[in-house]
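Please load the model in your viewer, display it as a cartoon, and keep the selection panel at hand. The stops below are meant to be taken in order.

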Amino acid sequence: MLKLDKEGKYLLACSYGPDSMALCYLLLSEGYDFEIAHVNYHLRKESNYESENLKLFCEMNNIKFHFYDVNKKIYKNIEEEAREIRYNFFSLIYHSSTFSALLVAHNSEDHV
């Protein structure tokens, strides 16, 4: 059970990985109002497949889907540059609406 304000509206940063999809399913099952933000960096061969499946999932579940397709090659520190791209995108969306919080799912093994 999540302990978020049911009156709030949330932006979920969703990679389509198990952590963010688990949080997505919790939000759905508990009836929260939320939208999804997703970034495709094209760094793995599965990237396009995951983006398309997440978009379809959002359509099927009536979830607004915000998508950023990175169309430039990342040359410097990939983790650092990807984080900068992603959080700039999330910030743009977050400040364009009345979201209560940005939700990011991590497990206990993540190093944030």
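The tour goes from the whole chain to the sheet, then to the helices and the pocket.

This is a predicted model, in which local features need pLDDT of at least 70 and side-chain atom pairs count only at pLDDT 80 or more, while totals for chains, interfaces and linings use all residues. Residues are numbered from 1 along each chain as its sequence is written, and side-chain values use heavy atoms, with hydrogens and water left out.

**Whole chain.** Select the protein chain and colour it from the N terminus on, where the elements run β-α-β-α-β-α-β; helices (H or I, at least four residues) and strands (E, at least two) are DSSP runs, numbered from the N terminus. The radius of gyration, taken over C-alpha atoms, is 14 Å, close to the 13 Å that the globule rule (2.2 Å times the number of residues to the power 0.38) gives for 112 residues, so the protein chain is as compact as a globular protein of that length. Along the principal axes, its C-alpha atoms fill a box of roughly 40 × 30 × 25 Å.

Now select the 4 strands, which form an open sheet in the order 3-2-1-4 with parallel pairing, two strands being paired if DSSP finds at least two bridges between them. Strand 3 (65-69) and strand 4 (101-104) stand at the edges with a single partner strand each, so one side of each has no neighbour in the sheet.

**The largest pocket.** Finally, select S15, Y41, A82, R86 and H106, which are the closest to the centre of the largest pocket among the 30 residues that line it. On a 1 Å grid over the protein atoms alone, a pocket is an open set of points where a 1.4 Å probe fits, with protein on both sides within 12 Å along at least five of seven lines, and lining residues have an atom within 4 Å of a point. Helix 3 gives the most to this lining, with 7 residues.
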